[in-house]
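Subject: Structure handover

Hi,

Here is the structure I promised to pass on. Please load it before reading the notes below.

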Amino acid sequence: MYVTTTIPYVNARPHLGHALELVQADVLARHHRRRGAPVRFQTGSDDNSLKNVLAAEAAGVPVRELVGRNAAAFEALRGPLGVSFDAFIRTSAHPAHRAGVERIWKETAHDLYQRHYEGLYCVGCEQFYQEGPCPDGHPGPLQTVSEQNWFFRLSRYQDALLGLIGSGRLRIEPAARRNEVLAFVAAGLSDISVSRSAARARGWGIPVPGDPGQVIYVWWDALANYVTALDEPGAYGRWWVREQDKVHIVGKGVIRFHAVHWPAMLLSAGRPLPTAIFVHDYITAAFPADGGPPRGGGGRR
Ligand SMILES: [Zn+2]
């Protein structure tokens, strides 16, 4: 089994939601190891987010320093949580990540095109919305963005995704989440913006191959970690091509990225797909050690 967690933004230190996801993935990994199955358990950090850049600006430290410090705090969860991950990928530091993202970009070039775009952007979600405020509760007005971006022909993959998810070849659990994804895809898929101006990204992130004025959308970059980190000799073939049990553990807030965008990217690139996506909810209250009243807790991002 190849099991992954999502890779969190490292604009701040870890919170309980991150622990939840790591422990869930760990349970699955340990279960399969004890049954004698070979397991690779991978986690990491999403370093290339604009959110990280803004947090570093607010703290008055270089971005590389802030993401390095926070990523180390995430990796150090291994000790106190007793989790058994085999690999931790940092997207700004892993030696194979950038080249791997560029390769996928080139493999999907037949589905990429440029278009002028105007929209309302939430930096907290790293996502465009039709109207504000942010439905996930990030404070402040959404940012109006008007620029020329690269778009991915997600619309082309609607029928393929319905077939894969509907047939269970791409399994989504629990069933309520599978139905949510099927309804979303069946309602029609629009093409998605997969780059932003390097100026808006503050020069942080992976430049678009052949178009250095644009940076690859952080979600595209982050999703690729599930394959780019398989860079040891033979690892990609072993864990992504031949492995029959490839599971992504994800929070409910990022289900569309994992169950719609990522499989479409892989189909476009001509690569194998994950076999299952297990979706968890959020922890909404935390009980402090001093026995005081529960505090509200956020989502995993
Ligand atoms: Zn938001």
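Predicted model: local features only at pLDDT ≥ 70, side-chain atom pairs only at ≥ 80, totals over all residues.

**Helix α2**
Helix α2 spans residues 50-59. Its buried residues are L50, K51, N52, V53, A55 and A56. Among the elements covering them are α3 (63-75) and β9 (195-197). Look at the start of α2 as well. There, a side-chain oxygen of S49 comes to within 2.9 Å of the backbone nitrogen of K51. Just after the helix, G60 has a positive phi of about 70°.

**Helices α6 and α11**
α6 covers residues 158-167 and α11 covers residues 255-269. Their axes come within 10 Å and cross at roughly 110°. The angle falls between 65 and 115 degrees, so α6 is roughly perpendicular to α11. The crossing is right-handed. From α6, the contact uses A160, L161, L164 and I165. From α11, it uses A259, V260, P263, A264 and L267. By type, these residues are 9 nonpolar, no polar and no charged.

**R40**
R40 sits in strand β2 (residues 40-45). Is R40 buried or exposed? Its relative accessibility is 8%. Buried means under 20%, so R40 counts as buried. The R40 side chain makes a polar contact with the side chain of Q42, at 3.1 Å. Setting aside neighbours within four places in sequence, R40 is in contact with M1, Y2, V3, D86, A87, A229, L230, E232 and W239.

Best regards

Technical notes: Residues numbered from 1 in each chain as written. Heavy atoms only, no water. Buried < 20%, exposed > 50% of the residue type's maximum accessible area, 1.4 Å probe, protein only. Helix = DSSP H or I, 4+ residues; strand = E, 2+ residues; numbered from the N terminus. Contact = heavy atoms within 4.5 Å. Polar contact = N/O pair within 3.5 Å; in protein donor to acceptor, adjacent residues only side chain to side chain. Axes fitted to C-alpha atoms, helices over the stretch in contact; angles between N-to-C directions. Parallel < 35°, antiparallel > 145°, perpendicular 65-115°, else oblique. Left-handed = near helix turned anticlockwise from the far one by under 90°. Nonpolar A, V, L, I, M, F, W, Y, C, P; charged D, E, K, R; others polar.
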